[in-house]
Amino acid sequence: GRERPSMAFWAAAVAGSALVVGFALWQGAGALQHADWLLFAAMVLGALGYAEGGKLSRELGGLETISWALVVSLPAVLPTVAWLAAQTLPQIAAASARAWLGMAYVSLFSMFIGFVFWYAGLAKGGVARVGQIQLLQPFMTLAGGAWLLAEPLDAPTIGFAVAVIAVVALGRRTAVRAAPAAATAATAAAAASAGLPPARSR
């Protein structure tokens, strides 16, 4: 996104990531589980997608960005979904109405409408600064599980969550500057919109 975060920003980002990894290690009895590595791979790929999506949303808008992302990914997603559906036809046929409602909610709100606002936020607030909010996602998931599914929340989990919230708050106060090329382009665009001639180099 042509952003240049400061060293303080990177320090906060590393601290927040270390807290999340430490939480995963604590939950996994001192070792990362197979599911943790899968989530890590998903996180890396998701980070690349968020960064590019945030950049595109500045030009296209949040709705257009997620819509085109779904269209472009369809050739890869559709065969995969068809193959998985063929492997689990009995479970799909036996799924309850509540399960289908949950699927509809995740598809419509979490994976579409939510991303409209997410990409719009990345475009307005900057990929680096807004992206740090993702560090809160594991703990928001746990809070949702406690609220909706009555899953227990213990004191260490709450402590980790509070620490991550503090780090994210600190990170959002650090400097994230635009790269020189981005700043020059923004200046030229502002001058053009104001009807001023472009600046000449001396």
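**Entry 1: the chain as a whole.** I looked up burial first: 19% of the 202 residues of the chain count as buried. I note that the model is a predicted one. The accessible surface of the chain comes to about 14100 Å², and carbon and sulfur atoms account for 72% of that area. I then turned to secondary structure and found nine helices and two strands. Along the sequence, I read their order as β-α-α-α-α-α-α-α-α-β-α. For contacts between residues at least 6 apart in sequence, I found that 82% join residues at least 24 apart.

**Entry 2: helix α2.** I checked the length of helix α2, residues 34–60, against expectation. Its 27 residues should span 39 Å at 1.5 Å a residue, and the end C-alpha atoms lie 37 Å apart, so the two values agree. Which residues of α2 are buried? I list Gly53, Gly54 and Ser57. The cover over the buried residues of α2 includes α3 (62–87), α5 (97–125) and α6 (127–131). Just after the helix, I recorded a positive phi of about 100° at Gly61.

Entry 3: Leu45 counts as exposed because its relative accessibility, 61%, is over the 50% cut-off.

**Entry 4: aromatic pairs.** I found six aromatic pairs in the structure. One of them is formed by Tyr50 and Trp118, an edge-to-face pair with 5.5 Å centre to centre and 65° between the planes. This pair links distant parts of the chain, with Tyr50 in helix α2 and Trp118 in helix α5, 68 residues apart. Are the two partners buried or exposed? Tyr50 has 22% relative accessibility and therefore counts as partly exposed, whereas Trp118, at 16%, counts as buried. I also noted that ring pairs link Tyr50, Phe115, Trp118 and Tyr119 into a cluster.

**Entry 5: Thr157.** Which residues is Thr157 in contact with, leaving aside neighbours within four places in sequence? I recorded Phe23, Trp26, Phe139 and Leu142.

Conventions. Residues numbered from 1 in each chain as written. Predicted model: local features only at pLDDT ≥ 70, side-chain atom pairs only at ≥ 80, totals over all residues. Heavy atoms only, no water. Contact = heavy atoms within 4.5 Å. Helix = DSSP H or I, 4+ residues; strand = E, 2+ residues; numbered from the N terminus. Expected span 1.5 Å × (residues − 1). Buried < 20%, exposed > 50% of the residue type's maximum accessible area, 1.4 Å probe, protein only. Areas by Shrake-Rupley, 256 points an atom, 1.4 Å probe, with all protein chains shown as cover. Phe/Tyr/Trp six-rings, centres within 6.5 Å; stacked < 30°, edge-to-face > 60°.
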